[in-house]
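This report describes one protein chain for a reader who is new to structural analysis. Please keep the sequence and the model in view while reading.

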Amino acid sequence: VTIGGCTTVGNMFSGKGYGEIVDLHDGTLEITAAGNFSGSRDDTYQKWDRTASHACGDKPYTTIKREWQSAEYPGILSGVIRCK
């Protein structure tokens, strides 16, 4: 189940907008953000952090894990958070 707002396909596969938020139903959320094709991983980290903050209602969160799913370009950054 994906929660959160809709985003354009362009924003989904760029450093803009928000990534995907999935409720794991154990008090944690999985966050996935796709980077842009410029090769800048900073944009992807910012998008991931923006999505995680949005998922927690702009309140603090704890990162349980965060890792790159692909070595291509900036790739896809995925992880698990818990809202504080």
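Is His25 buried or exposed? At 63% relative accessibility, His25 counts as exposed; buried means under 20% relative accessible area, exposed over 50%, and partly exposed in between, with a 1.4 Å probe and protein chains only.

## Basis of the model

This is a predicted model, in which local features need pLDDT of at least 70 and side-chain atom pairs count only at pLDDT 80 or more, while totals for chains, interfaces and linings use all residues. Residues are numbered from 1 along each chain as its sequence is written, and side-chain values use heavy atoms, with hydrogens and water left out.

## Overall architecture

The protein chain holds 2 helices and 5 strands. These elements are DSSP runs numbered from the N terminus: helices are H or I runs of at least four residues, and strands are E runs of at least two. Read from the N terminus, their order is β-α-β-β-α-β-β.

Of the 84 residues in the protein chain, 29% are buried. The accessible surface of the chain is about 5,000 Å², and carbon and sulfur atoms account for 53% of this surface; the areas come from the Shrake-Rupley method with a 1.4 Å probe, and for residues only the protein chains shown count as cover. A contact means heavy atoms within 4.5 Å. Among contacts between residues at least 6 apart in sequence, 48% join residues at least 24 apart.

## Strand pairing

Two strands pair if DSSP finds at least two bridges between them. Strand 2 (residues 20–23) pairs with strand 3 in the antiparallel sense over 4 bridges, and in this pairing Glu20 stands opposite Thr32 in strand 3. Strand 3 is also joined to strand 5 by 6 bridges, again antiparallel; here Ala33 has Leu77 of strand 5 as its bridge partner.

Strand 5 pairs with strand 4 as well, in the antiparallel sense and over 7 bridges. In strand 5, Gly79 is the residue opposite Arg66.

## The nonpolar core

A nonpolar core is a set of buried Ala, Val, Leu, Ile, Met, Phe, Trp, Tyr and Cys residues joined through side-chain atoms within 4.5 Å. The largest such core has 9 residues: Ile21, Leu29, Ile31, Ala33, Trp48, Ala52, Cys56, Leu77 and Ile81. Strand 3 (29–34), helix 2 (41–55) and strand 5 (76–83) each give two or more residues to this core, and strand 3 gives the most, with 3 residues.

What does Trp48 touch, leaving aside its neighbours within four places in sequence? Its contacts include Ile31, Ala33, Leu77 and Ile81, and also Tyr61, Thr63, Lys65 and Arg66.

## The disulfide

A disulfide is a pair of cysteine sulfur atoms within 2.5 Å, and by this rule the count is 1. Cys56 and Cys83 form the bond, with their sulfur atoms 2.0 Å apart. Cys56 belongs to the loop between helix 2 and strand 4 (61–68) and Cys83 to strand 5, so the pair ties together parts that are 27 residues apart in sequence.

The torsion about the S-S bond is about -85 degrees, and the disulfide is therefore left-handed. Cys56 is buried because its relative accessibility is 9%, whereas Cys83, at 33%, counts as partly exposed.

## The loop between strands 2 and 3

The hairpin of strand 2 and strand 3 has 5 residues between the strands. Leu24 lies in this loop and is partly exposed, with a relative accessible area of 35%. Leu24 and Val80 are 56 residues apart in sequence, yet their C-alpha atoms are 9.0 Å apart in space. Not counting residues up to four places away in sequence, Leu24 touches Leu29, Glu30 and Val80.

Thr28 is in the loop between strand 2 and strand 3 too. Thr28 counts as buried because its relative accessibility is 5%. Its side chain makes a polar contact with the side chain of Asp26 at 2.4 Å; such a contact is a pair of N or O atoms within 3.5 Å, where within protein one must be able to donate a hydrogen and the other to accept it, and residues adjacent in sequence count only if both atoms are side-chain atoms.

## Positive phi angles

Most residues other than glycine have a negative phi. His25, in the loop between strand 2 and strand 3, has a positive phi of about 60 degrees although it is not a glycine. Asp58 also has a positive phi of about 60 degrees and is not a glycine. Asp58 lies in the loop between helix 2 and strand 4, and at 61% relative accessibility Asp58 counts as exposed.
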